[in-house]
Amino acid sequence: MHNRKQLEARLQAVGIDCGCDKVVPHHYHRFYATHFLDYVDHPFKLLEIGVGGEGREPGGASLQLWAEVFPLAEIYGLDIYDKSVLDRDRVKTFIVDQGDALALNEFVEKHGPFDIVIDDGSHKRSDQLTSLFTLVSSVVPGGYYVLEDYFTSYWPVYDGSTLAKDFLDTPVRWLKQSIDIINRNNLLSEPVKALLPDWGVEELHVYPGVAFLRKGMQAVRSEIPGGDFFENQLELDELRYGKYQAQFLEYARDPMTHLAQLNKLKRTLEDKVARIKSPGRSKR
Ligand SMILES: C[S@@+](CC[C@H](N)C(=O)[O-])C[C@H]1O[C@@H](n2cnc3c(N)ncnc32)[C@H](O)[C@@H]1O
């Protein structure tokens, strides 16, 4: 395999053969071809959360796709159901709940680190976040953490929301935050910086439906100029916005508390309006 186009064509052909939804209907093979070209013909370890088929069928379409296209890869699949019927020499499956940080840690201690981790499991935001926060550190420098179908952050059936999207803690919020994480050296405020995990991520590639976070090869980051410049910038930021710091930090810690505050404010306003409309009415 020599170029990206050839890899895209191969992923497409094998993906269709296996009935893998990464190809039809999602068309993610184009993006996998862009990022995974260097892995063809090299030994590496890939972990995918979510084997497929749920509890009814064996599934395993993507495990088959990876095994065929990457002949030197060791492939690990996690699922809440027993998928061991799919196990063969380079493909191994394990029963692990992606929402259970302890179980994930135990698994990684035994089988990690990985060159690539792909989350295509429950697609529920808390499970996705538990997996991301637990597993990103088990990705080797230069490797990828891939979030599939992250748009479920917008859908209530997966515990997401479109209306409240800016007030929920979701994978989409953390993809946006990863811009801050990538640039954490240029953040001035220590309390703000302390709220951002140092994942060692240096690239973010966001496509429709799938996002790739790439770990840095080494901790080479753009540095802010030291001395007076740093002190002046910090002072200016604090002069302008320092009086709101507590609210900013509270929001950064948990945007969901703002939903509760907005609800409280809404109830207070509704009470006021009700009392104006009928002055005799008692307070709720
Ligand atoms: C969309 S399918 C995976 C498809 C597969 N990756 C492919 O591309 O062919 C989702 C899988 O995630 C599994 N799953 C659901 N909740 C899970 C959890 N909490 N932890 C691990 N796997 C889970 C389901 O059993 C199902 O097999």
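A residue counts as buried under 20% relative accessible area, as exposed over 50%, and as partly exposed in between. In this predicted model, Asp237 has a relative accessibility of 37% and therefore counts as partly exposed. Gly77, by contrast, has a relative accessible area of 0% and is therefore buried. The points below place these two residues within the protein.

**Overall architecture**
- The protein contains 10 helices and seven strands.
- Along the principal axes, its C-alpha atoms fill a box of roughly 75 × 55 × 35 Å.
- Of the 284 residues of the protein, 41% count as buried.
- When contacts between residues at least 6 apart in sequence are considered, 65% of them join residues at least 24 apart.

**Surface and charge**
- The protein exposes about 15600 Å², of which carbon and sulfur atoms supply 55%.
- There are 34 positive and 42 negative charges, and their mean positions are 9 Å apart.

**Asp237 and its surroundings**
- Asp237 belongs to helix H8, which covers residues 227–241.
- Together with Asp228, Glu231, Glu235 and Glu238, Asp237 forms a negative surface patch.

**Gly77 and its surroundings**
- Gly77 is part of strand E2, which covers residues 73–79.
- Apart from its neighbours within four places in sequence, Gly77 is in contact with Glu48, Val51, Leu63, Lys92, Thr93 and Phe94.
- The C-alpha atoms of Gly77 and Ile95 are 8.6 Å apart in space, while the two residues are 18 residues apart in sequence.

Note on methods:
Residues numbered from 1 in each chain as written. Predicted model: local features only at pLDDT ≥ 70, side-chain atom pairs only at ≥ 80, totals over all residues. Heavy atoms only, no water. Patch = residues over 30% accessible without salt bridge, like charges linked within 9 Å, V, L, I, M, F, W, Y side chains within 5 Å. Areas by Shrake-Rupley, 256 points an atom, 1.4 Å probe, with all protein chains shown as cover. Salt bridge = Lys/Arg side-chain N within 4 Å of Asp/Glu carboxyl O. Lys, Arg positive; Asp, Glu negative; His and termini not counted. Charge placed at Lys NZ, Arg CZ, Asp CG, Glu CD. Helix = DSSP H or I, 4+ residues; strand = E, 2+ residues; numbered from the N terminus. Buried < 20%, exposed > 50% of the residue type's maximum accessible area, 1.4 Å probe, protein only. Contact = heavy atoms within 4.5 Å.
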